[in-house]
Amino acid sequence: MRDTAEAPDPVDVRLGARLAALRAEHGWSLEELAERSGVSRSTLSRAERAQTSPTASLLNRLCAVYGRTMSRLLSEVEAQPAPLVRAADQPVWEDRAAGFVRRSVSPPHAGLRGELVEGRLAAGADLAYDRPPVPGLEQHIWVLEGTLEVTAEDTAHRLHAGDCLRIRVWGPTRFRCPEGDADTRYVLAVVLP
């Protein structure tokens, strides 16, 4: 989380505005969104006003409520989509507290069902999502470097460089880079149902 004395990150400002707009589009109060998402009203308010940088877990909960993938939400706060996104222009988002860096590799487009994301987890990082952003989401997880432990449907998988796991996500998932190991870098291919 960012110190509130720092100037807000421009991406956080655009993201907060988009989150507020989505809530308004659904006609929900902060209280209603808090009930639907399981996120406190104050946390939602601070995220919408860019007083805090939202965590991956928080964005996942909101994506689940709004029926969006995280990539789609993040692409909505970027400039107009293009068919080609150069590596230097691919949006990067960080959850510093969790040791997670996410790079949207695919050119964003709301009409497409698939997307590629590069994930990097620091040694010891542990990301737990209580639900998928879209039930039945198909994920292909291809480890490029390091070791990644993925748990879905109460089944744990330990992946090493070169391994690829395909899952369909209906419930909680967990991505973990074991403590003491090297950082993990992986590609996540996401396909909407």
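The structure is a predicted model, in which local features need pLDDT of at least 70 and side-chain atom pairs count only at pLDDT 80 or more, while totals for chains, interfaces and linings use all residues. Residues are numbered from 1 along each chain as its sequence is written, and side-chain values use heavy atoms, with hydrogens and water left out.

Start at Gln 90, in the loop between helix 5 (70–75) and strand 1 (92–95). Helices (H or I, at least four residues) and strands (E, at least two) are DSSP runs, numbered from the N terminus. Gln 90 has a relative accessible area of 9%, so it is buried; buried means under 20%, exposed over 50% and partly exposed in between, with a 1.4 Å probe and protein chains only. Leaving aside residues up to four places away in sequence, Gln 90 touches Val 85, Arg 103, Ser 104 and Val 105, where contact means heavy atoms within 4.5 Å.

Next comes strand 10 (residues 184–191), with six of its eight residues buried. Strand 3 (residues 114–121) runs antiparallel to strand 10 and is joined to it by eight bridges; two strands pair if DSSP finds at least two bridges between them. Here Arg 120 stands opposite Arg 185. Strand 5 (residues 137–145) is also antiparallel to strand 10, with seven bridges, and Ile 141 has Leu 188 as its bridge partner.

Another part is an open sheet of four strands in the order 4-9-6-7, with antiparallel pairing. Strand 4 (126–129) and strand 7 (155–160) each have a single partner strand, so one side of each lacks a neighbour in the sheet.
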